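Here is a short briefing on one protein chain. The sequence and the structure come first, and the notes follow.

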Amino acid sequence: MISVEEAKEKILGYAHTLGTEEKYILECLDQVIAEDIYSPYNIPPMDNSAMDGFAVRFADTRGAAENSPVVLKVIEEVPAGSIAKKAVGPGTATRIMTGAPVPPGADAVVQFEHTDEVQRSKSPGGGKPAEIGILKEASAGLNIRQAGEDIKKGQLIVAKGTVLRPSETGVLATAGLARVKVIRRPVVAVLATGDELVDLGNPLPPGKIHNSNTFSIAALVQRYGGIPKVLGIARDNVEELASLVREGLDADMLLTSGGVSAGDYDIVKDVLAREGEISFWTVRMKPGKPLAFGFFKVKDGDKGVRFVPHLGFPGNPVSAMVSFELFARPAILKMMGKTLLEKPSIKATIENSVVNRDGRRIYVRVVVTRKDGKYYASLTGEQGSGILTSMSMADGLAVIPEDAPEVKAGETVTVLMLDWNESRL
Ligand code: AMP
Ligand code: MG
């Protein structure tokens with residue numbers, strides 16, 4: 001038996017950072033930026049108003065107050081997107097909207113609330129008044145957003161290696177950059193094996209079950225940023241398995257489910273050993289003790305040989321998903337150029353006792369709640385590796401250490417978070 005860490009280490013040894021692609025920024029969410037990106041200009045590009053109000057010379061407002069307004073002549077109006085035609089000189093003001101460039105000569109903006117515009121426009125013949133009363137003194141630069149105050153021309157705005165979030169997408173857009181170079185997403189081929197499996201959309205004859213692993217695994221591939229390539233179901237015979245596997249060899253990784261337990265693993269082994277190399281591991285974990293790992297050697301044009309790593313998960317639906325989280329997820333993230341490969345975890349008080357009979361690390365499915373600032377984890381119920389609803393109910397996988405014969409209710413455990421359920425946390 002090997003530890004989870006040993007298995008992961010070996011697998012990651014075959015997962016290599018992929019090449020780059022240049023794409024429209026909206027297609028790059030969660031991908032890693034492959035180049036340092038500098039702003040081609042100042043942001044904002046010009047001094048502009050932070051308020052709707054009047055652009056003035058601040059010196060003109062000296063002494064302005066509710067009961068002693070300073071009256072200025074309104075010479076112009078600049079909406080956002082326009083440029084003032086006139087300079088603001090002594091005794092004058094320009095009506096200005098948020099985001100509009102500050103007219104030459106003005107050095108402050110007095111917001112509408114500190115003027116008498118409302119009273120003037122309500123008075124007979126009001127409309128847009130030709131004069132405005134300033135009711136409060138302005139200071140130099142008041143309500144003016146300076147050119148380059150956010151980003152200076154030439155400034156590094158997104159560094160190579162950054163994972164693109166919505167905020168970085170916005171920063172690229174504000175710098176006018178529609179496309180960006182990122183590390184490409186891995187294509188991950190997903191293959192189910194088993195004579196008992198029926199594809200979705202078909203009725204269930206006696207003795208058969210629907211293929212669920214393909215869907216949970218392909219969805220996990222998507223969740224962590226990869227592109228699933230669904231290969232379908234291979235019957236438990238060498239020919240069918242071999243031909244479907246070949247269809248998956250243009251992918252960056254192949255994931256299979258089933259056929260790794262003692263009963264039928266010979267078939268998978270035969271095929272995979274013929275086309276590449278394979279080893280079968282027993283990993284000190286539960287669920288998911290058996291794990292196949294190998295790689296295919298694929299001729300890659302004139303570049304020589306390409307290695308396509310293969311992970312063979314057990315067929316039990318929970319085992320396949322948990323094995324994916326522990327082994328395929330970090331491989332996908334590494335291929336995408338990410339460096340944080342650990343699953344986010346929290347410490348929680350476990351609310352049930354869990355007995356560990358055979359010295360394996362148990363990943364129990366738990367519902368996580370927060371009470372008085374502390375996290376609690378309670379089992380989802382029946383923990384069999386065929387109980388797929390234990391995954392759908394769970395927020396996380398609580399780790400029962402391999403060297404603990406029992407973890408008692410009330411003890412602290414690490415929980416690998418599958419999701420952050422905002423209604424409970
Ligand atoms: P195996 O690892 O092939 O021995 O399968 C172990 C268990 O998982 C059996 O009960 C299978 O029927 C079930 N199983 C295998 N593949 C799938 C699949 N793609 N979808 C749902 N259950 C599966
Ligand atoms: Mg099987």
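**Overall build**

In this predicted model, 72% of the chain's contacts with a separation of 6 or more are between residues 24 or more positions apart; a contact means heavy atoms within 4.5 Å. The chain holds eight helices and 27 strands, which are DSSP runs numbered from the N terminus (helices: H or I, at least four residues; strands: E, at least two). The radius of gyration, taken over C-alpha atoms, is 32 Å, well over the 22 Å of the globule rule for 425 residues, so the chain is more spread out than a compact globule. That rule is 2.2 Å times the number of residues to the power 0.38.

**Extent and surface**

- The C-alpha trace spans about 95 × 60 × 40 Å along its principal axes.
- Of the 425 residues, 48% are buried, meaning under 20% relative accessible area (1.4 Å probe, protein chains only).

- Five strands make an open sheet of mixed pairing, in the order 7-4-6-5-8; two strands pair if DSSP finds at least two bridges between them.
- Strand 7 (108–111) and strand 8 (131–134) are the edges; each has a single partner strand, so one side of each lacks a neighbour in the sheet.
- From one strand to the next the twist averages 40°, with axes fitted to C-alpha atoms and angles from 0 to 180 degrees between N-to-C directions.
- Strand 5 (residues 70–78) runs antiparallel to strand 8, and four bridges join them.
- Val70 has Ile134 in strand 8 as its bridge partner.

**Conventions**

- Residues are numbered from 1 along each chain as its sequence is written, chains are lettered from A and ligands numbered from 1 in the order in which they are written.
- Local features need pLDDT of at least 70 and side-chain atom pairs count only at pLDDT 80 or more, while totals for chains, interfaces and linings use all residues; side-chain values use heavy atoms, leaving out hydrogens and water.

Notes: Buried means under 20% relative accessible area, exposed over 50%, partly exposed in between (1.4 Å probe, protein chains only).
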